[in-house]
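Visitor: I have a model open and want to learn how to read it. Where do we begin?

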Amino acid sequence: MVPFTKSGSAAVLWLLFSFFGVGLASGEDPGAGPNLRKTVLYNETAYIPPQCYTKTQDAQQSVTNNCYVCHTRSREPNYLNDHNLQLRFSLPEPALTNPWRNFFEDRRERIAAVSDEAIRVLIGEDNYKDAAGRLLLAERLAAPPEHWDANGNGRWDGFMPDCHFNFDREGFDRGPDGKDTGWRAFAYYPFPGTFWSTNGSTDDLMIRLAEGLRQDDEGRYDREVYRLNLAIVEALIKQGSVAIAPVDEVRFDVDLDKDGRIGRASAVVFDWAPREGRRMSFVGRAKTLQAEGRLHLAAGLFPEGTEFLHSVRYVGVDKNGRITLAPRMKELRYMRKRTWQTYADLEEQTLAEVKERHDFPDRIRQVIGNAEQGVNNGSGWILQGFIEDREGRLRPQSFEETVYCIGCHGGVGATTDAVFGFPRKLESRHYQDGWYHWGQKDWQGLPEPKIEIRGSGVFYEYAYYLMYNRSASEFRDNPEVAARFFNADGTIRQDMLDRLHADIAVLLNPSPERALALNKAYRTIVEDQDFHLGRDATIAPVKTVHASVERDLLTGVPQPTSIQQFGGRFGPACQFSADAAAAIAPTIAGRGMAGPSGVPYEVDWQGVIHKSRYAIDIPGVHFTFPRRMTLPTRIIVPVESNPSCLACHRITYPSMPEKRDLLQPEVLPGAIQAGDGSVSLRRLTTDTGQDQNGQWSPDGRRIAFVSDRSGSSQILLMDAEGGDQHQLSRGPAVHGWPRWHPDGQTLVVWCYDTAAGTHAIKTIDVQNGRERLLVTSREILDRPEYHPDGDRIAYAAQTGGNWDIWCVGASDGETTRLTNDPQMESNPLWSPDGKILAYKVAPATGAYNLTGQYFMTFEKGWANPTVHPWQGPESVQMNHWSPDGTKIAYTAEVINDAAGYDQVTYVAMVSDLSLSQAKAAASPPRLLAGGCTLGDRGPVFSPDGRKVAFWSWTRDNAACLWLHDLETGRAAALTKDGLAMVPQWRPDGTMLLFESRVDGQSDLVTLSIAAR
């Protein structure tokens, strides 16, 4: 600290400390601080956090729930599953009286006696290091007072602070010698409640892995090795892939991206299932240590030797009123993973704890350790802390003050390996890939994160917390946030939620006035040195906290809410501009988390829509409906004649800027082309008509397509090179949807006679143009599909205003009705062996119909099919079967934020399909573009089943063809600019046929793909 003279800033500090009765000494005071040798607890249940005493019902018996953020159904290898603690106050007898008495102290008079200038000066002083960069706490610990020497050996044996808070552009801490200290700062989404700065504290987090994880094969420090091992740990903890700067895997002899070869990787792919032979490996010396069994790797666990440093600080306020990370620390918290525990160890320990609680509900927890070397949390970690003494210097916490830390880091369902912060690290698409200190960039402008609620879908995390807890802290004692976010009647302000979705600072940051008041309030606790009575900054007595609790008092929460997963924002490391997204297509404004009808959506973790309503009904919880971005779909009949199509498809093709350079392909890294990586494009049609819906013949030598070049939509034929283009269909009717007979001699098509007002399905002989009428109707017919044996044709038909699936014999014209119910069945699609017929189903009721995919089999004959209802995402449409019939490629409607804000759009997916009598299950869902596009459509398998082609809408206002390799998981764009849509594979797999739209004109183009 600065010398205390009565002039300038020092005079202000002297007055402040004099008010608090500190009595500043000129040198070290050996009597200051607690005796660390003492392990007797004043509060024998100090491990039970103060949050657990919050009232969950108000005077009107309205129920809130602040418990769910910590007590939740755990994700393995956290086996605690303590979500039932949301239902009752399950406290042991000694804890029934609230020991955290500081909640009930009125600090307003003491706060009013301190000027704003005095507290500004105080919090602006760094109590961790001086102006010369010396670490003040480390210097005190180098020669500790006798009463700090808990084990009596004459030296300090605990953590010796060695982080200099000197972070470079990659977040690495550098010492005075310019070398890395091993600490690396990371940015993260603050955990809901206490550690929001609006509740009185700011904080930061640093991680350091064990020395072996920072060294190359020769045992030398290597930053690239360290970066990779940190990314591997991040992938293991989040149980998901992590984007990295491209690296040469050859150097490390590790397949980081799991593509089956040692090459160049731009991601650490999470793929760890030891029982199935799928393992992951560290790099550098850690790889050898891992192989020798001296270092361990497992999903959801940190390797031994991992350290975390967490500084808790006052709330800084700069001269412009901006909230900052104050230089002065309230606390410095440290934890180190000392021992490795397997899944079996952790599960056995949890089961023993559950049994202990059941058999001896009033027995308090035994905590092992001491204040000097830390306390054991029971799962392999040592916890230690430092806190302010009366003079504002950092001192070691007492044993009881450290036991307090066990409450959160020693057994709650929300942690991952006892840790809160690192699983919430910002993803690689953020500033500096999420590796930075809040002092380099604060959280202003960060979009709101999301969580998946088990059985209920994905929600904005902070908005959900606000509306379910009805406050901004576990103690429900934040009047400023209440006034900012809630109306007088207790309902949430939608305009503030909209702002929160885009910038978390509007919630997390207090006003300068509140920040200064909370800083003053906390200083009274420092002056009293009564941290054992609570360390939460409060201004007036808190009325929302129980002074005592009855045994097993019910909270009133009707059912537990469990956080399934935290994920920040959806999507991997890609960033799209909101301006580009907004220019792409119209959006539909909705009210409530719902479709245009107002019916709510439920989505899974990937944003895929599953249900049209929430599974859990929570009064007062309300979410904004994401904007809808519509993607074009081929309209095969005049819209005015088929309003049903418009209801599903919503728009035809939008107009786009003039661009003629479609045939300049862009092959991205990871594309599957061999040789020089070139792509050969050939434009097959160049007339002024609309040429679309191209279909390869079974032998790949001819292409049938639809064109309006004659004045109306007709069926045309050409060879594979674009030659010999001639019209097959005749007459006044418009034609569409040509499909080849397996023998390649006949086409089945749909047609509509506008003059007569009749729809028809007919066949055309491609050699002589002879037509054969199979079905006619005054109502709509749609999408005829040949059975693989060519003997029958499935189609959709509207009868009495109701859509059903029908079948007609290709030779005898005999029709069979396959479905007959009020739902809308359409889009029939045969499996490759012809044993299964897939079709789309939309509910008969509901203003906005979310669709499922049903399947029927014919064990009992064609007239008596067995229906297998869809069990999976709603609002889906199947596009293609894999050649072996075991997988399906489909388009699902999703809530996606790739544009920088939430929108409803589409995504191309692939899943394995399994049928049972009761259901058709598609799992696991694989997103082909991985969230890197604004929307996808039309996925189709290659003839060998190894790849999937689809088209996606990009941030550059282009509809591009993409290719996903199912073996490697890589996806790459094949074209750029213009509008490239609806790809179709040539039967030999060497070429794609697709529709190219430029300047409103549609042509057919082929794209040759070299074999691997």
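Guide: With burial. A residue is buried under 20% relative accessible area, exposed over 50%, and partly exposed in between. Keep in mind that this is a predicted model.

Visitor: Take Cys52, then. Is Cys52 buried or partly exposed?

Guide: Its relative accessible area is 23%, so Cys52 is partly exposed. Compare Cys751. That residue has a relative accessible area of 6% and is buried.

Visitor: How many disulfides does a search of the whole structure find?

Guide: The general idea is a distance test: two cysteine sulfur atoms must lie within 2.5 Å. The search of the whole structure returns 0 disulfides. Cys52 shows the test at work. The closest cysteine sulfur to its own belongs to Cys67, and because the gap is 7.2 Å, that is too far for a bond.

Visitor: Now the whole chain. What share of residues is buried?

Guide: Of the 1012 residues in the protein chain, 58% are buried. The accessible surface is about 39,700 Å², and carbon and sulfur atoms hold 49% of that. The secondary structure consists of 16 helices and 48 strands.

Visitor: What share of the contacts joins residues 24 or more positions apart?

Guide: Count contacts with a separation of 6 or more. Residues 24 or more positions apart make up 60% of them.

Visitor: Where does Phe103 sit?

Guide: Phe103 is in the loop between E1 and helix H2 (108–112). Its relative accessibility is 3%, so Phe103 counts as buried. Beyond neighbours within four places in sequence, Phe103 contacts residues including Pro50, Phe475, Asp536, Pro541 and Val545.

Visitor: Which loop holds Thr45?

Guide: The one between helix H1 (8–19) and strand E1 (88–89). Thr45 is at 1% relative accessibility and therefore counts as buried. Setting aside residues up to four places away in sequence, Thr45 touches Pro92, Pro94, Ala95 and Ile364.

Visitor: On to nonpolar cores. Which residues touch the most other members of the largest one?

Guide: A core joins buried nonpolar residues through side-chain atoms within 4.5 Å. The largest has 111 residues, and Phe422, Phe485 and Leu507 touch the most other members. Helix H5 (residues 223–238) gives this core its largest share, 10 residues. Another core of 33 residues lies apart from it, with Leu837, Tyr839, Trp870 and Leu927 among its members.

Visitor: What is Leu507 in contact with?

Guide: Leave out neighbours within four places in sequence. Leu507 then contacts Trp196, Thr198, Tyr462, Leu466, Ala472, Val481, Arg484, Phe485 and Leu500.

Visitor: How many aromatic pairs are there?

Guide: Ring centres must lie within 6.5 Å to pair. The whole structure has 44 aromatic pairs. One of them joins Phe858 and Trp862, with 4.5 Å centre to centre and 45 degrees between the planes, a tilted pair. Phe858 counts as buried at 14% relative accessibility. Trp862 is partly exposed at 31%. Elsewhere, ring pairs link a cluster that includes Phe186, Tyr188, Phe422, Trp435 and Trp443.

Visitor: Which residue lies over the face of Tyr404?

Guide: Arg535 does, at 4.2 Å from the ring centre. Lys450 takes the corresponding place over the face of Tyr460, at 5.1 Å from the ring centre.

Conventions
Residues are numbered from 1 along each chain as its sequence is written. This is a predicted model: local features need pLDDT of at least 70, side-chain atom pairs count only at pLDDT 80 or more; totals for chains, interfaces and linings use all residues. Side-chain values use heavy atoms; hydrogens and water are left out. Helices (H or I, at least four residues) and strands (E, at least two) are DSSP runs, numbered from the N terminus. Buried means under 20% relative accessible area, exposed over 50%, partly exposed in between (1.4 Å probe, protein chains only). Contact means heavy atoms within 4.5 Å. Accessible areas come from the Shrake-Rupley method with a 1.4 Å probe; for residues, only the protein chains shown count as cover. Rings of Phe, Tyr and Trp (its six-membered ring) pair if their centres lie within 6.5 Å; planes under 30 degrees apart count as stacked, over 60 as edge-to-face and the rest as tilted. A charge sits over a ring if NZ of Lys or CZ of Arg is within 6 Å of the ring centre and within 35 degrees of the ring normal.
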